[in-house]
Amino acid sequence: MSRLLVAEDDAGIREPLVRALAREGYEVEAVSDGAAAVRAALGGEPDLLLLDLGLPGLDGLEVCRLVRRERARLPILVLTARDEELDLVQGLDAGADDYVTKPFRLAELLARVRALLRRGSEPSAGSLEVGDVRIDLASHRARRGDRELELTPKEFGLLAFLAAHPGQALRRERIMREVWDQNWFGSTKTLDVHVSSLRRKLGDDAANPELLLTVRGIGFRLEALGR
């Protein structure tokens, strides 16, 4: 049974969400402030953290940073009423793997939870190399040249999937199915946010990218640049 930690200060959201997750067979712990979220995430060893960005005390971004520092592989799903790209990028930079904006559909949230839990439990081995980008699947580490990349688990999964198909134009829907969930439905905006964040971490010019390219009307392609 997977253990989920819900950090949400709004009881009108927290309590129905806890009941819904319990009905799905998850063991659920709930907290309502940032400090309690950090204690529970580091002390209780949950398999996934559902984290509201607007927590009292320590806000969600700080909780995310503190938890990620100690538990690099813990999947973190952000719950937020903020849908501006800057807020979402800040959440991803803090270490979140994915996000759901409020009000959210329960079916969509459950699909994201399943996808993150599945990706977190999949064994991986070997390595991938595209140009000067090297990805070690076993250690879950990536480098560009001599520089190690500080990637969230979802950014790592996205980069690994693109690197497994170098030079190929991969459709947005396929990327969402493979990296997020096999039964993905709805908007692909989360993919754009992750691509934007990944470009920055790779050192790729967002205005004129040379490594992670947008293929108009299709999706994205990872090019092999210099070693």
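Analyst: The lining of the second largest pocket comprises eight nonpolar, four polar and seven charged residues (Ala, Val, Leu, Ile, Met, Phe, Trp, Tyr, Cys and Pro are nonpolar; Asp, Glu, Lys and Arg charged; the others, Gly included, polar). The model is predicted, so local features require pLDDT of at least 70 and side-chain atom pairs 80 or more, whereas totals for chains, interfaces and linings use all residues. Residues are numbered from 1 along each chain, and side-chain values use heavy atoms, without hydrogens or water.

The second largest pocket holds about 330 Å³ of space (an open set of 1 Å grid points fitting a 1.4 Å probe, with protein on both sides within 12 Å along at least five of seven lines; lining atoms lie within 4 Å of a point). Among its 19 lining residues, Ala72, His140, Leu149, Glu150 and Leu151 are closest to the centre. Two or more lining residues come from each of helix 4 (85-94), strand 8 (141-144), strand 9 (147-149) and helix 6 (153-163) (DSSP runs of at least four residues for helices and two for strands). Helix 4 contributes the most, with three residues.

Turning to charged pairs, the whole structure contains 14 salt bridges (a Lys or Arg side-chain nitrogen within 4 Å of an Asp or Glu carboxyl oxygen). One of them joins arginine 141 to glutamate 148 at 2.8 Å, N to O. Arginine 141 is partly exposed because its relative accessibility is 45% (partly exposed lies between buried, under 20%, and exposed, over 50%). Glutamate 148 is likewise partly exposed, at 29%. Glutamate 108 and arginine 112, both buried, form another salt bridge, of 2.6 Å. These two residues stand four apart in helix 5 (residues 106-121), so about one helical turn separates them.

Note on methods: Points joined across faces, edges and corners; volume = space filled by probe spheres on them. Buried < 20%, exposed > 50% of the residue type's maximum accessible area, 1.4 Å probe, protein only.
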